[in-house]
Amino acid sequence: MKSIDDLDKIKSVILYILQQCGGTQDFVSLVKKMYFAQRKHLALYGRPIFNDMFYARERGPVPSFTYKALFACYNKSGVSEEINHFNASFGVNVVNGERIVSAKESPDMDELAGAEIKTINTVIDETKGFTAEYLSELSHKDQAWKLARKRVSDDPTDGRMSLVSIARAGGANKGIIDYLRESLTFDYWCKA
């Protein structure tokens with residue numbers, strides 16, 4: 001279960017990407033931009049932008065909660081109160097066989113730090129004009145995705161992509177990887 005803070009952050013990231021991309025985005029392009037932003041931010045700062053676990057799916061990395069929530073929005077069926085609340089900010093319709101996500105409101109810019117906005121903007125600029133298929137192909141070149149897909153071939157339930165693997169795939173240096181490991185270890189033991 002996601003906290004309200006986690007939900008607000010994910011929602012603001014999605015709404016910001018949609019806003020910067022003209023208000024709508026096909027589902028595959030949206031989640032790939034989310035992944036590339038998360039990867040870049042982890043590699044640069046040793047911290048994720050948002051708290052959503054990525055899984056290695058056939059078409060590339062997919063954020064678990066975001067996928068479930070937007071799929072429920074498309075099906076017009078609420079899975080939980082948190083998903084219903086989250087989905088009030090989005091519309092999902094099929095256009096030419098593709099799910100298109102649209103924003104029903106503006107992002108809460110208080111949820112996004114300056115470095116996070118800069119990272120997201122960089123990814124949007126770097127991927128401008130790329131098709132969903134090309135973004136998917138790019139994500140297949142990612143070492144974190146490849147490692148998780150290899151595990152999935154043995155165990156279909158083992159597709160989780162770790163933050164350390166994602167940061168490493170983004171080019172994080174040893175200092176960032178060590179910092180991220182320490183942070184994750186601290187968080188783990190604080191929750192235990």
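The protein chain contains nine helices and five strands, where helices (H or I, at least four residues) and strands (E, at least two) are DSSP runs numbered from the N terminus. Their order from the N terminus is α-β-α-β-β-α-α-β-β-α-α-α-α-α. The model is predicted: local features need pLDDT of at least 70, side-chain atom pairs count only at pLDDT 80 or more, and totals for chains, interfaces and linings use all residues. Residues are numbered from 1 along each chain as its sequence is written, and side-chain values use heavy atoms, with hydrogens and water left out.

Of the 192 residues, 45% are buried (buried is under 20% relative accessible area, exposed over 50%, partly exposed in between; 1.4 Å probe, protein chains only).

Six salt bridges were counted, a salt bridge being a side-chain nitrogen of Lys or Arg within 4 Å of a carboxyl oxygen of Asp or Glu. One of them joins Lys9 and Glu116, with an N to O distance of 2.9 Å. Lys9 lies in helix H1 (residues 4–20) and Glu116 in helix H5 (residues 114–127), so this pair ties together parts that are 107 residues apart in sequence. Lys9 is buried at 15% relative accessibility, and Glu116 is buried at 7%.

A salt bridge also links Arg39 and Asp142, whose closest N and O atoms are 2.6 Å apart. Arg39 belongs to helix H2 (residues 27–45) and Asp142 to the loop between helix H6 (132–140) and helix H7 (143–154), so parts 103 residues apart in sequence are tied together. Asp142 is buried, with a relative accessible area of 3%.
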